[in-house]
Amino acid sequence: MRILVANDDGYLAPGLAALADRMRNLGEVLVIAPESNHSGASNSLTLSRPLTVREASNGFLYVNGTPTDCVHVALTGLLPERPDLVVSGINNGQNMGDDTIYSGTVAAAMEGYLFGVPSIAFSQVEKGHAHLDGAAQIAAEVVERFVSDPLTGPILLNVNIPNRPRDELRGMQVTRLGKRHHSEPVIRAANPHGEPIYWIGAAGVAKDAGPGTDFHAVENGYVSITPLQIDLTQVSQIDTVRRWLGSGGS
Ligand code: MN
């Protein structure tokens with residue numbers, strides 16, 4: 001079992017080390033991660049300059065690029081053989097509902113998925129790494145399950161883990177993504193030259209968070225596991241848009 005480990009918080013992040021440590025018991029591990037924090041990078045690729053891959057003293061590879069760059073480089077030229085699994089995380093903070101659109105953690109896993117490699121993203125719900133051991137244990141259990149009983153078909157799992165010791169987690173629930181209210185407004189300030197500057201505001205609070213959603217599961221002390229797909233087509237609107245275009249559409 002060859003396991004590629006990546007993240008978006010950067011190669012020095014505690015969640016990456018915790019995940020890599022657990023994966024070493026399960027297979028041959030290669031870690032590749034961004035040189036600096038790229039949370040919120042989504043699926044961005046660096047196309048305007050070349051990338052360098054360097055090795056840290058602990059053997060982790062780090063790239064002066066995005067989470068997607070890391071997995072892309074690994075899969076398309078750096079690794080001699082294709083991995084059997086890509087895991088990403090353990091992110092410092094939740095990636096639920098609309099977060100998955102912006103998340104670099106999910107994007108790193110998604111890059112594996114796009115190349116046909118089963119991929120799993122792991123995030124801790126609260127920032128600060130409290131009970132990181134519990135989250136790493138869950139990651140190990142999910143991957144062990146995958147090793148002993150592989151899911152068939154294209155696999156992209158998004159796992160969110162409440163910050164609790166392992167024995168205080170109530171179990172795992174398979175969920176759908178919830179939705180958030182719109183983000184908080186940008187914070188406007190001024191730089192020393194009097195020009196306006198803007199900080200992106202916080203994510204909105206959960207809106208669609210009822211039973212069956214990722215938000216509901218973690219709120220109730222469960223690990224949330226959401227199978228994701230990528231096709232953004234709004235199938236239900238295809239006919240509507242055809243009619244709207246009239247003779248122009250086909
Ligand atoms: Mn992050």
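**Figure 1. Burial and overall dimensions of the chain.** Buried residues make up 44% of the 250 residues in the chain. Buried means under 20% relative accessible area, exposed over 50%, and partly exposed in between (1.4 Å probe, protein chains only). The model is predicted: local features need pLDDT of at least 70, side-chain atom pairs count only at pLDDT 80 or more, and totals for chains, interfaces and linings use all residues. Residues are numbered from 1 along each chain as its sequence is written, and side-chain values use heavy atoms, with hydrogens and water left out. The secondary structure comes to 7 helices and 13 strands. Helices (H or I, at least four residues) and strands (E, at least two) are DSSP runs, numbered from the N terminus. The C-alpha trace spans about 55 × 50 × 40 Å along its principal axes. The accessible surface comes to about 13200 Å², with 52% belonging to carbon and sulfur atoms. These areas come from the Shrake-Rupley method with a 1.4 Å probe; for residues, only the protein chains shown count as cover. Among contacts between residues at least 6 apart in sequence, 75% join residues at least 24 apart. Contact means heavy atoms within 4.5 Å.

**Figure 2. The manganese site.** Which protein atoms are donors of the manganese ion? They are D8 (OD), D9 (OD), S39 (OG) and N91 (OD1), lying 2.1 to 2.2 Å from the ion. Donors are N, O and S atoms within 2.8 Å of the metal (3.2 Å for Na, K and Ca); water is not among the atoms, so sites may look incomplete. The donor residues are spaced D-D-x29-S-x51-N in sequence. D8 sits in the loop between β1 and α1 (14-24), and S39 in the loop between β2 (28-34) and β3 (53-55), so the pair ties together parts that are 31 residues apart in sequence. D8 is buried at 2% relative accessible area. S39 is partly exposed at 43%.

Figure 3. Why is helix α4 (residues 104-114) largely enclosed by the rest of the structure? Because 10 of its 11 residues are buried. Among them are G104, V106, M110 and Y113. The buried residues pack against β1 (2-6), α2 (67-78), β5 (85-92), α3 (99-102), β6 (119-124) and β7 (156-161). At the start of α4, a side-chain oxygen of S103 reaches to within 3.0 Å of the backbone nitrogen of T105. Just after the helix, G116 takes a positive phi of about 85°.

**Figure 4. The nonpolar cores.** A nonpolar core is a set of buried Ala, Val, Leu, Ile, Met, Phe, Trp, Tyr and Cys residues joined through side-chain atoms within 4.5 Å. The largest one has 34 residues. M23, V87, I120, F122 and V143 have the most contacts inside this core. α5 (132-148) gives the largest share, 8 residues. Leaving aside neighbours within four places in sequence, V87 is in contact with I3, L4, V5, A6, L19, M23, I120, F122 and V143.

Figure 5. N163 lies in the loop between β7 and β8 (172-174). Is N163 buried or exposed? N163 is buried, with a relative accessible area of 17%. A polar atom of its side chain lies 3.3 Å from the backbone nitrogen of V125. The N163 side chain also reaches the backbone oxygen of A130 at 3.1 Å. A polar contact is a pair of N or O atoms within 3.5 Å; within protein, one must be able to donate a hydrogen and the other to accept it, and residues adjacent in sequence count only if both atoms are side-chain atoms. Not counting residues up to four places away in sequence, N163 touches Q124, V125, E126, H129, A130 and H131.

**Figure 6. Backbone geometry.** A cis peptide bond joins G89 and I90, with omega about -5°. I90 is found in strand β5. S42, in the loop between β2 and β3, is not a glycine, yet its phi is positive, near 50°. H131 has a positive phi of about 60° although it is not a glycine. H131 is found in the loop between β6 and α5 and counts as partly exposed at 39% relative accessibility.
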